[in-house]
Amino acid sequence: MANAQRGGLGSPPGAGSRTGLVLGALWLLAGLLAVRQAAVVLRLPPERRFTDLGRWIGDNGVLRIRGSLYDTDRFTGTPFSGLVLKPLTKAAEQSLGIFWTLGTLLLVVVLALVAARSLPGPVPRRTALLAAPVAVILTVLSLPVRNTFTLGQTSIIPVLLVLLGCCLPRLAQGSGRTSGLLIGLAAALQPAVLLFAVLLWLTGRRRAAAATAVTFVACSVLTWVFMPDDSWTYWVHHIAGAGLGHAPDGLANQSLHGLLLRLGLRGPAEPALYGLLAAAVAVLGLRRAARYALDGQILLATAVAGCTAVAISPTAWQHQQLWILLAVAGRVGKRRADRLVWPVLVVLVMTLTSTVLMPDNPFLRPLGDNAPLLAALLAACAVPFLPRTAEDWARPAPTPVTEPQQGRFAWVPLLRFWRRPLTRPNVLLELMLIRVGYFAYAFIRGQAPDERSLAESHGRQILGLEEFLHLDVEHGFNRFVARTGWLTDGMNYYYGTFHFLVPVSLLVYLYVRRPGTYRWARTALSLATLLALAGFWSYPLAPPRLMPGLGFVDTVNGPQDLDNPDFGALTELSNQYAAMPSLHIGWSLWCGTVIAVVAPRLWMKCLGMLYPLLTFSVIVGTANHYVLDAVGGALVVLCGFAIQYALSGPGRRAFGKVPAARRESDPLPAEGTEPPGALSRSR
């Protein structure tokens with residue numbers, strides 16, 4: 001939200017109305033998400049709602065404080081948190097549910113609005129308008145906030161108190177006592193917040209730092225007076241809460257201590273190494289936070305200090321990681337194309353689970369499992385956030401773009417508002433979006449209707465239509481392939497390998513050698529895949545190999561028990577009834593078309609168009625698709641290219657005058673052939 005850039009000197013006609021429409025849509029979305037989150041919590045049965053408050057709920061759902069807070073390890077807050085909750089002991093559980101949910105929702109909205117108002121200036125008017133609803137949306141969607149809603153935690157309150165004490169000028173200026181009071185209260189609720197006292201001291205606000213320490217000590221002493229046993233248990237027996245909650249070596253603990261335990265370190269070596277790493281991260285993180293605070297980026301400084309606290313705390317549960325989301329305020333990169341990499345990374349880490357972020361393999365899975373900790377360490381120690389004095393802080397290098405260019409099909413109307421970037425996008429941003437896009441594709445495909453009777457009924461429809469059109473060649477060709485050993489082995493290998501290998505290789509080639517064409521090709525492929533998902537959802541279809549009694553041979557997976565609707569281990573991979581349209585044909589035809597566009601020689605173009613023909617023979621010969629499935633795959637790819645054509649025109653254009661867009665296969669255009677005003681810079 002902090003990376004929206006200043007526009008040009010003038011605004012085009014209608015810009016204000018478009019901004020108003022976008023602003024209204026964002027606030028509507030923010031409201032819907034907030035209501036949905038509250039409804040999700042309130043619809044939970046009482047035993048699954050506010051599980052971390054279970055220690056407080058007694059007979060008939062009435063809260064009570066009897067015995068120790070830490071008789072079990074479910075309550076992980078400080079004794080002062082228990083003292084704060086004491087006034088609620090006479091409330092009924094149902095009333096508490098409504099009060100707690102709406103109160104938490106209000107705190108979330110206030111926190112997002114404070115963060116939006118704390119963006120470092122100068123802030124363009126459009127950015128200032130859109131920042132508030134975007135902040136609310138991101139905060140409500142974040143895993144820490146969703147976790148807080150369900151558990152009934154108080155972890156939003158310390159973050160809000162710190163933001164109020166550090167970022168609001170009316171509270172931060174003056175003697176500093178108000179800031180110190182707020183941050184001290186936050187530290188009493190979450191001890192790691194004491195790091196902010198050091199930050200205040202390093203930035204010259206020593207009265208505020210002293211007030212923070214005094215407030216924290218006063219709150220802790222007050223709690224010792226009223227709850228001495230619980231205070232002893234928390235501060236002495238558990239050493240500031242360490243050991244409460246889940247197992248410290250579990251993935252839920254996203255701290256350096258938890259990471260070292262997961263790596264297998266035990267005994268005296270682990271606390272010694274943890275202490276050294278925590279001290280190094282604290283020193284580096286606080287120095288960076290102080291530098292950004294003195295630079296006027298108070299929100300970023302707060303986020304960096306909070307990320308430092310997350311990393312060095314003995315335990316850092318998910319509901320305590322909201323500091324990481326605030327790090328989107330930092331600006332990274334001198335080019336406009338690079339500005340979105342860091343905020344997108346943070347948003348993905350804070351809103352998606354580890355299984356979405358990384359594929360399930362032994363090399364990449366640890367990155368997804370420890371993504372919050374890694375993001376916190378990057379923000380605290382490594383990411384080179386730009387200072388406000390940097391020349392590129394407010395005006396990054398723009399991306400060269402071209403207006404839509406009419407091709408040979410002059411009758412196709414082009415969308416003139418669409419500008420086509422010419423340089424290659426940031427590779428990290430592309431990889432993140434591709435990963436999330438593929439997960440969404442796999443998830444939607446897996447959730448598509450898979451009722452066996454309906455899918456088999458559609459299969460009979462397809463076979464009947466093919467018989468009418470004299471296209472029903474699947475059975476004979478499949479039997480021929482099944483009887484020919486070398487052909488069976490070759491097609492099985494082709495089916496399981498080339499479907500992903502060839503498109504990925506072609507995308508890599510385009511990214512490296514033909515950046516001007518890469519975006520065009522990638523967008524067409526994405527559009528075709530989205531259209532295919534609509535087909536999977538609206539028309540579940542049993543492929544030939546899953547049609548009972550017709551004699552098809554599944555050459556890839558072997559014989560299947562068609563009387564069992566689960567189809568054995570196959571259903572663990574994907575929805576077996578997502579056959580129409582065939583993306584094997586769709587993606588292969590996309591590859592052939594792109595090769596025909598970019599290849600410099602005729603034989604290369606012919607070889608590229610041979611690939612979808614080979615794929616067609618494989619999907620039919622292995623009984624994985626019908627002929628009409630291939631027709632459907634071809635249609636979605638043609639539609640994807642057609643939509644892309646309407647957006648930006650034809651794919652092959654000579655962009656030799658644009659830096660980083662020219663390659664040997666993109667010769668310089670002849671003099672006078674460049675359309676007037678075709679090249680410009682995005683602002």
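Helix 16 passes helix 19 in a left-handed crossing. The axes of helix 16 (residues 341-351) and helix 19 (residues 371-382) come within 9 Å, at an angle of roughly 145°. The model is predicted. Its chain has 683 residues, of which 51% count as buried, and its secondary structure comes to 27 helices and three strands.

**Helix 16 against helix 19**

- Two packed helices are described by the angle between their axes and by the distance between those axes.
- On the helix 16 side, the residues that meet helix 19 are Trp342, Val349 and Met350.
- On the helix 19 side, Ala371, Pro372, Ala375, Leu378 and Ala379 take part in the contact with helix 16.

**Salt bridges**

- Searching the whole structure gives five salt bridges, and three of them are described here: Arg266 with Asp249, Asp369 with Arg365, and Arg545 with Asp554.
- Arg266 and Asp249 meet through their side chains at 3.3 Å, N to O.
- This pair links distant parts of the chain, 17 residues apart: Arg266 is in the loop between helix 12 (256-262) and helix 13 (269-294), while Asp249 is in the loop between helix 11 (228-237) and helix 12.
- Arg266 counts as partly exposed because its relative accessibility is 48%, and Asp249, at 31%, is also partly exposed.
- Asp369 and Arg365 form a salt bridge with an N to O distance of 3.0 Å.
- Asp369 and Arg365 are four residues apart in helix 18 (residues 365-369), so about one helical turn separates them.
- Asp369 is buried, with a relative accessible area of 16%, whereas Arg365 is partly exposed at 23%; the two fall into separate classes because buried means under 20%.
- Arg545 and Asp554 make a salt bridge at 3.6 Å, N to O.
- Arg545 has a relative accessibility of 9% and so counts as buried.
- Asp554, its partner in the salt bridge, is buried as well, with a relative accessible area of 7%.

**Nonpolar surface patch**

- Val217, Val221, Leu222, Val225 and Phe226 form a nonpolar patch on the surface.
- Together these five residues have about 470 Å² of accessible area.
- Leu222, one of the patch residues, is found in helix 10 (residues 206-226).
- The relative accessible area of Leu222 is 41%, so this residue is partly exposed.

- Thr104 lies in helix 3 (residues 93-117).
- With a relative accessibility of 7%, Thr104 counts as buried.
- Leaving aside residues up to four places away in sequence, Thr104 touches Thr148, Phe149 and Ile156.

**Whole chain**

- Among contacts in the chain with a separation of 6 or more, 75% are between residues 24 or more positions apart.
- The accessible surface of the chain comes to about 32100 Å².
- Carbon and sulfur atoms account for 66% of that accessible surface.

Conventions:
Residues are numbered from 1 along each chain as its sequence is written. This is a predicted model: local features need pLDDT of at least 70, side-chain atom pairs count only at pLDDT 80 or more; totals for chains, interfaces and linings use all residues. Side-chain values use heavy atoms; hydrogens and water are left out. Patches are made of residues with over 30% relative accessible area and no salt bridge: like charges are joined within 9 Å, nonpolar side chains (Val, Leu, Ile, Met, Phe, Trp, Tyr) within 5 Å. Accessible areas come from the Shrake-Rupley method with a 1.4 Å probe; for residues, only the protein chains shown count as cover. A salt bridge is a side-chain nitrogen of Lys or Arg within 4 Å of a carboxyl oxygen of Asp or Glu. Helices (H or I, at least four residues) and strands (E, at least two) are DSSP runs, numbered from the N terminus. Buried means under 20% relative accessible area, exposed over 50%, partly exposed in between (1.4 Å probe, protein chains only). Axes are lines fitted to C-alpha atoms, for helices over the stretch in contact, and angles run from 0 to 180 degrees between N-to-C directions. A crossing is left-handed if the near helix is turned anticlockwise from the far one by less than a right angle, and right-handed if clockwise. Contact means heavy atoms within 4.5 Å.
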